[in-house]
Amino acid sequence: MLTEVNGIKLYYEDMGAGPALVFIHGLGENADSWENQITLFKKTFRTIAMDLRGHHRSENGNEFITMALFASDILALLDQLGIQKAHFVGHSMGGLICQEIAAHNQERMLSITLSDATSFYPEPMATTGLEERLKRIDTLPMTEVGAAIARAACRPDIDAETLAKVTAMFQLNRPVPYRQATISTLKADYRQYLSQIKVPTLILVGEKDATTPLDYAQLLNKEIKGSKLQIIPEAAHMTKIENPKAYNLALAEFLAPYEPDAALPLIANLRGDE
């Protein structure tokens with residue numbers, strides 16, 4: 001549904017009942033990318049997902065899109081929904097947004113899951129890599145840009161149906177907000193805040209992720225004290241879509257010590273399918 005947040009119409013989904021679990025998608029994605037997670041977790045959690053500002057069904061607004069603006073929108077939405085504290089799951093750019101929230105509003109977070117994420121993008125990705133991305137956005141139709149992103153984000157042997165689904169999602173992007181979010185993503189740097197993260201943190205990364213590879217996840221794991229790192233097999237950058245069962249099991253097992261009544265039944269369900 002749509003609601004007014006920070007001067008824009010923001011699309012969100014609020015499903016289930018129980019502890020609040022907020023899903024924050026990556027650059028160029030939308031709430032639908034969490035379908036495999038929400039289908040399961042809404043059984044015992046209150047799941048919140050949104051199309052971030054400038055993505056799919058949400059408006060752009062007049063401000064230049066930044067991680068801080070995304071975070072402000074999310075917290076304003078949670079305020080509307082009466083949610084003071086929640087477990088946060090951020091994929092890729094969503095992981096940067098989680099770090100933005102942790103840097104300035106950590107009291108709102110019960111836990112953080114950083115999925116195929118980084119704290120910053122090193123050279124040359126943040127310079128010449130960014131320039132190349134912006135050139136593609138400026139010169140190619142989003143149908144071509146979206147198809148290229150999907151191929152790069154998924155493992156090479158992904159099935160045709162899943163690749164088509166991911167491609168269609170990325171092709172929905174509008175050039176102006178996608179361009180702004182791309183700049184803000186590749187220029188973000190949260191390294192100085194990592195040691196200040198005190199809430200339980202899970203770091204997930206696909207074993208074949210070339211976009212945010214294992215060494216990015218290892219840096220997060222090193223700097224966030226007490227964090228747990230887990231590699232998702234048979235997945236590249238789109239772990240939540242490429243291997244949803246392994247992803248969901250890792251997330252449920254992480255949440256179990258803090259929300260046993262909600263997480264343990266899901267773990268039993270997932271293991272029963274094996």
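Which handedness does the β-α-β unit made by E5, H3 and E6 have? Right-handed.

1. **What you are looking at.** This is a predicted model, in which local features need pLDDT of at least 70 and side-chain atom pairs count only at pLDDT 80 or more, while totals for chains, interfaces and linings use all residues. Residues are numbered from 1 along each chain as its sequence is written, and side-chain values use heavy atoms, leaving out hydrogens and water.

2. **The whole chain.** Count up the secondary structure and you get 11 helices and 8 strands. Helices here are DSSP runs of H or I with at least four residues, strands are E runs of at least two, and both are numbered from the N terminus. The radius of gyration is 17 Å, close to the 19 Å that the globule rule gives for 274 residues, so the chain is as compact as a globular protein of that length. (That radius is taken over C-alpha atoms, and the rule is 2.2 Å times the number of residues to the power 0.38.) Along the principal axes, the C-alpha atoms fill a box of roughly 50 × 45 × 35 Å.

3. Of the 274 residues, 56% are buried. Buried means under 20% relative accessible area, exposed means over 50%, and partly exposed is in between (1.4 Å probe, protein chains only). The chain exposes about 11,300 Å², with carbon and sulfur atoms supplying 53% of it; these areas come from the Shrake-Rupley method with a 1.4 Å probe, and for residues only the protein chains shown count as cover. As for contacts (heavy atoms within 4.5 Å), take those between residues at least 6 apart in sequence: 76% of them join residues at least 24 apart.

4. **The sheet.** Follow the 8 strands across and you read E1-E2-E4-E3-E5-E6-E7-E8, an open sheet with mixed pairing. The edges are E1 (2–5) and E8 (228–232), each pairing on one side only. From one strand to the next, the twist averages 25°. Such angles run from 0 to 180 degrees between N-to-C directions, with axes fitted as lines to C-alpha atoms, for helices over the stretch in contact. Two strands count as paired if DSSP finds at least two bridges between them. As a reminder, strands of a sheet pair through backbone hydrogen bonds, either parallel or antiparallel.

5. **Strand E5.** E5 pairs in the parallel sense with E3 (20–24) over 4 bridges and with E6 (109–115) over 6 bridges. Glycine 90 is a handy landmark: it is the bridge partner of isoleucine 24 and stands opposite leucine 114 in E6. Phenylalanine 88, meanwhile, stands opposite isoleucine 112 in E6.

6. **The crossovers.** Back to the opening question: E5, H3 and E6 make a right-handed β-α-β unit. Right-handed means that, with the strands pointing away from you, the path from the first strand over the helix to the second runs clockwise. E7, helix H8 (214–223) and E8 also make a right-handed unit.

7. **Strand E7.** Here too, 6 of the 6 residues are buried. Thr201, Ile203 and Val205 are on one side, and Leu202, Leu204 and Gly206 on the other. E7 is parallel to both E6, over 4 bridges, and E8, over 5 bridges. Leucine 202 stands opposite threonine 113, while valine 205 has isoleucine 231 in E8 as its bridge partner.

8. Most residues other than glycine have a negative phi, and most peptide bonds are trans. Asparagine 6, in the loop between E1 and E2, has a positive phi of about 50° and is partly exposed at 38% relative accessibility. Serine 92, in the loop between E5 and H3, has a positive phi near 55° but is buried, at 10%. Look too for the cis peptide bond joining glutamate 123 and proline 124, with omega about 0°; that proline is in the loop between E6 and H4.

9. **A buried lysine.** Lysine 240, in helix H9 (239–242), has a relative accessible area of 0% and is buried. Leaving aside residues up to four places away in sequence, the residues that lysine 240 touches include Glu29, Trp34, His91 and Tyr247.
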